[in-house]
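This report describes the fold, the strand pairing and the charged side-chain pairs of one protein. Please look at the sequence and the structure before reading on.

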Amino acid sequence: MIRSVAVQETVAALRVVREQWGELLLAVEAPPADVWPPRQLAHALRAVDEGRLDVVDRAPLVLREHPAPVNLDALDTGLAVEKMIFDLADTLAAAVQHSTPGAWRDPRCWRFADPGAGDVRRAHGSRAHGLHFACVWVEGRVLDEDTAPERQLDGSLSVPLFAPLPEDLLHEARCAAKTAEGRLLRTLGLDARRTPIPDRACPWCGGGLELRTGADVAPSVTCSGGWACPAPVPVGDGGRVRVWEWRDLPELIAALGVGVPVG
């Protein structure tokens, strides 16, 4: 039971890192975000204004070189998260990946970096495929994928590509994945928090506005006016607040004016 929980938590953390990686890359190229508007919506609005594709389609899932990064905190986080996940993959591969003839040609295998190699891809090994690939590969080891013998064309059984992950390495994988997830979410302001929106009041009642974020939910904004506020959005928290969910935020931005305080 304890192992099952550790596996679930590790897999969930790795998937958050993968899903938010493109957002972090965009953050490297943008000034540190204020509380308002939310980072994700600001990116979406800028993409629409400039006729560009959305975040998922535009951002390459590999940390690029940034000769003059705008957001050093985001860049530092990206480099740290990459190192954590890549080093974890190296550790797991050294422990559970079987060295069998021809195994290195199998795309499921992790290839170590070879700094002395003339070929750039060999020099970086599987790290050249980027963080997304590394997260998926580590997830496979945590889930004990490809640990059973496989039947060959001649009917014989081959040695499994990987051995099951021992408890100590599962613990190490969980710690690394959770640490990477936490740092990435804090940098993006997507960890669970409630932050008052400074210098802006509800356009409908003048109540205080608060931005609510979390790892598994889209940003939302609440007004402290509750039932007394005539804003055209539902109430929440037992009627204590009005709530603009993700789909309603463009209307709130239009009412406030992006970057224009409402007093």
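Residues 24 or more positions apart account for 60% of the contacts in the protein with a separation of 6 or more, a contact meaning heavy atoms within 4.5 Å. The model is predicted: local features need pLDDT of at least 70 and side-chain atom pairs count only at pLDDT 80 or more, while totals for chains, interfaces and linings use all residues. Residues are numbered from 1 along each chain as its sequence is written, and side-chain values use heavy atoms, with hydrogens and water left out.

The protein contains eight helices and five strands; these are DSSP runs numbered from the N terminus, helices being H or I with at least four residues and strands E with at least two. From the N terminus on, their order is α-α-α-α-α-α-α-β-β-β-β-β-α. Of the 263 residues, 43% are buried. Here buried means under 20% relative accessible area, exposed over 50%, and partly exposed in between (1.4 Å probe, protein chains only).

**Strand 2 and its neighbours**

Strand 2 (residues 208-214) has five buried residues out of seven, so it is largely enclosed by the rest of the structure. Five bridges join strand 2 to strand 1 (residues 193-201), and the two run antiparallel; strands pair if DSSP finds at least two bridges between them. Within this pairing, Arg193 has Thr213 as its bridge partner. The hairpin of strand 1 and strand 2 has six residues between the strands, and Gly206 takes a positive phi near 80° there. Strand 2 is also joined by five bridges to strand 3 (residues 217-223), again antiparallel, and the hairpin they form has two residues between them. Arg212 has Ser220 as its bridge partner in strand 3.

**Salt bridges**

Side chains of opposite charge can pair when their charged atoms come close. The structure holds 15 salt bridges, each a side-chain nitrogen of Lys or Arg within 4 Å of a carboxyl oxygen of Asp or Glu. Three of them are listed here.

| Pair | N to O distance |
|---|---|
| Asp87 and Lys83 | 2.6 Å |
| Arg108 and Asp106 | 2.8 Å |
| Asp237 and Arg212 | 2.9 Å |

Arg212 is buried at 15% relative accessibility, whereas Asp237 is partly exposed at 32%.

Asp87 and Lys83 are four residues apart in helix 4 (residues 72-96), and therefore separated by about one helical turn. Lys83 counts as exposed at 51% relative accessibility.
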